[in-house]
Amino acid sequence: MAYASVCFPMNVPVMTTCPSPSWSLASRRRRFLPAVRCVSSVPKVADEADLFDLKQYMAEKARRVDAALDRALPLRPPERLFAAMRYSLLSPGKRVRPVLTLAACELVGGDESAAMPVACAAEMIHVMSLIHDDLPCIDNDDFRRGRPANHVAFGEGFAVLAGDALHCFAYEHAAAAARAPPERVLRAVAELGRATGAEGLLAGQIMDIECEGKEVGLEVLEGIHLHKTAKLMEAAAACGVIMGGGREEEVERLRRYGRVVGLLFQVVDDILDVTRTTEELGKTAGKDSACGKTTYPKLLGLEAAGRLAEELVGKAEEELQGFDRNRARPLRHLARYIASRNN
Ligand code: GRG
């Protein structure tokens, strides 16, 4: 079954079989999925011998990303449009994608400044997707990052256009602001475009819409998340290596790391959706089950979903083997943080 026929045209029956070889993680994993029991939280993954203050690292990187985003997008005419763009872009997100880019750049010995514009572009694309995702015609959510969604604050028309403008500006900024060899910049822009478009997170959103109200299996669920969430994380990580001047093999390793971390992120998101409150999450809790969406806890049970998250942390760590251990530390801990985060 070709992937395209799962997604297009609209309203075709949703298949529950594995549509492409790249969706094979689930089928390999199913062999050892354990029996289901309930747990109340995501797993805590700890390694006493590998202490690192990721909280401080993330806070410092996020602070620099926030400052770069603020500088990149000053308020100017048309003011209401820029205000709507800034409202969502500068709202308090975790900045996981730009941190992935910066950490991947440093992993291969690159300087943070070489990767910052591309890191900001990844965040702009992510924020555009959040604005569009929250729209009444898509996921219809009024609450995002602890405040009213963009369309609630600015109206639907502005939210659509603010998302579009952020999307365009992401590529402009990556191309115009990067101080790096042009072939690296070109490649990074192409990576981001591919990850976002009709074979990337947009495809994941289409699949998500098509699956609404339908029973889907693990392979289809994994396919949705690999596109909707993991593609941009893959690209963010790969772009960091590209901007840092890493070798081809290193780009592909970080792409695989980003893919696993993206899936991990979604498994944990599904767990948090049923174990945390709206206040803790900064977005509507319990939304997935209320909408009848298939989730990892629904298919596997909470405990098995937690074990899957632990397994994915291990896979992410495998991709970092062979790199300088100290330089790989932030990315190793980032995977663990994603597994044990609370929001
Ligand atoms: C218009 C090209 C185009 C694409 C938009 C709407 C859409 C297509 C895609 C939706 C993609 C989406 C919202 C995926 C969910 C990804 C996800 C896990 C979001 C939450 O990420 P966090 O937790 O959020 O990192 P913060 O707020 O911390 O940044």
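The paragraphs below describe the ligand site and then the nonpolar cores.

This is a predicted model. Around its ligand there are 19 residues, and those that come nearest are Lys94, Arg97, His126, Arg145 and Phe265. Three of these side chains can be followed to the ligand atom by atom. A polar side-chain atom of Lys94 is 2.6 Å from a ligand oxygen atom. For Arg145, a polar side-chain atom lies 2.7 Å from an oxygen atom of the ligand. In the side chain of His126, an N or O atom is 2.8 Å from an oxygen atom of the ligand. The ligand taken alone exposes 760 Å², and the protein buries 90% of that.

Which elements give two or more residues to the shell around the ligand? They are α6 (112-134), α10 (201-211), α11 (218-243) and α12 (248-275). Of the elements, α6 gives the most, with six residues. Sorted by class, the shell holds nine polar, five charged and five nonpolar residues.

The largest nonpolar core has 96 residues, and the members that touch the most others are Met124, Leu166, Leu192, Leu254, Tyr257, Tyr296 and Leu331. Helix α11 supplies the largest share of this core, 14 residues. Leaving out residues up to four places away in sequence, Tyr296 touches several residues, including Leu218, Leu221, Leu263, Val267, Ala305 and Leu308. Its contacts also include Glu222, His225 and Asp270.

Methods: Residues numbered from 1 in each chain as written. Predicted model: local features only at pLDDT ≥ 70, side-chain atom pairs only at ≥ 80, totals over all residues. Heavy atoms only, no water. Near = heavy atom within 4 Å. Polar contact = N/O pair within 3.5 Å; in protein donor to acceptor, adjacent residues only side chain to side chain. Areas by Shrake-Rupley, 256 points an atom, 1.4 Å probe, with all protein chains shown as cover. Helix = DSSP H or I, 4+ residues; strand = E, 2+ residues; numbered from the N terminus. Nonpolar A, V, L, I, M, F, W, Y, C, P; charged D, E, K, R; others polar. Core = buried A, V, L, I, M, F, W, Y, C linked by side-chain atoms within 4.5 Å. Buried < 20%, exposed > 50% of the residue type's maximum accessible area, 1.4 Å probe, protein only. Contact = heavy atoms within 4.5 Å.
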